[in-house]
Amino acid sequence: MELILLFLFAIGAAVFAARLFLLRRAIERLRRDFCEVTAQKDADRHLTLDYQDKALEELAAELNRYIEDCYTERYRHRCREKNIRSELTTISHDVRTPLTSITGYLGLIQGENLTDREKKEYFGVINRRSQDLEDMIQCLYDYARLENEEYRFHMEKTDIRHLFCEYLLSFYSEFQQKKIQVQVELLKEPVMVTADREALNRIFYNLITNLMKYSGKSCRIAMQSCGDTIQILFENPAPEMSDYEAQHLFDRFYRAERTKTAQGSGLGLTIAKMLTEGMGGTLTARCRDGRLILCFSMKTIAFSYDGP
């Protein structure tokens, strides 16, 4: 009997030792494979097991999830680096353009035999290019503040209809000079929202100037009430714009094919969208029947109006 027990114990010990050996070998291989996978940053590999053990399989699964997260983060990091390089190139080009123009005209002014009319014309160009450069730098500053969440909104009850009408009227002469026919549709009664007036002015400026740049000879601006939401539509012809381009108009530094040669920071619509969303509103873009429609919308608040 004792021999039988001893024999069974010896068999059990041998099985246990064998399993322990295989388990240690599997763990060592798992450790080695993990080190190789993490060292090869661009390799798309996962850990595998040649030994069946529930706890070890769960560990390998957790490690594979960690590896996948690392792959994803590395990919995002490479994309960010690529975007940053591209954006730095864009900024450099956009800043260099007005600076080159200013330098060129300053050189012309320093020349001899210029009439007063020519000097006045050249100084006008320099002034416009300087303003373009100032606007570009302001855009970059505003974008940095918004991106770093350093922009502080001062929310207050505001009649957005009155504010927008005043701001739109200030562009009347520019629309006239550019011979742009504007179809304007406004509401008759006040529309109250809770918003930052300075931010609203910046949004309206960016959207109206964008409209003026790309509207051609005609555009449409419409204000409409949709339940508890106020919408302002900015519509202009865009026969060559695709839905893909419309969806990316708010990406920073993005320019559709029709705007590749346009001057500016490429941040105007990005800033407008960030400011809008920062106040709880939305700003969207869509193409319909060869026309681009930018839609600004915000929630309204109750307002008692006793009209005439």
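At what angle do the axes of helix 4 and helix 6 cross, and within what distance do they come?

## Helix 4 against helix 6

In this predicted model, the axes of helix 4 (residues 160-169) and helix 6 (residues 197-214) cross at roughly 45° and come within 10 Å. The crossing of the two helices is right-handed.

On the side of helix 4, the contact is formed by Ile160, Leu163, Phe164, Tyr167 and Leu168. Helix 6 contributes Arg197, Leu200, Asn201, Phe204, Tyr205 and Ile208. By class, the residues of this contact comprise 9 nonpolar, 1 polar and 1 charged.

## Nonpolar cores

The largest nonpolar core has 46 residues, and within this core Phe204, Ile208 and Phe296 touch the most other members. Helix 6 gives the most to the core, with 8 residues. Two of the residues named for the core, Phe204 and Ile208, also belong to the helix 6 side of the contact with helix 4.

Which residues does Ile208 touch, leaving aside those up to four places away in sequence? They are Phe164, Tyr167, Leu168, Phe171, Phe175 and Phe234. Among them, Phe164, Tyr167 and Leu168 are part of the helix 4 side of the contact with helix 6.

## Helix 3 against helix 8

Helix 3 (residues 116-147) packs against helix 8 (residues 268-278) at an angle of about 35°, and their axes are 10 Å apart. This crossing is left-handed, whereas that of helix 4 and helix 6 is right-handed.

Helix 3 takes part through Cys139, Asp142, Tyr143, Leu146 and Glu147. These residues meet Thr270, Ile271, Met274 and Leu275 in helix 8. The residues of the contact divide into 6 nonpolar, 1 polar and 2 charged.

## The chain as a whole

The protein chain contains 8 helices and 7 strands. Of its 308 residues, 34% count as buried.

How much of the contacts with a separation of 6 or more comes from residues 24 or more positions apart? In the protein chain, such residues account for 70% of those contacts.

Notes: Residues numbered from 1 in each chain as written. Predicted model: local features only at pLDDT ≥ 70, side-chain atom pairs only at ≥ 80, totals over all residues. Heavy atoms only, no water. Axes fitted to C-alpha atoms, helices over the stretch in contact; angles between N-to-C directions. Helix = DSSP H or I, 4+ residues; strand = E, 2+ residues; numbered from the N terminus. Left-handed = near helix turned anticlockwise from the far one by under 90°. Contact = heavy atoms within 4.5 Å. Nonpolar A, V, L, I, M, F, W, Y, C, P; charged D, E, K, R; others polar. Core = buried A, V, L, I, M, F, W, Y, C linked by side-chain atoms within 4.5 Å. Buried < 20%, exposed > 50% of the residue type's maximum accessible area, 1.4 Å probe, protein only.
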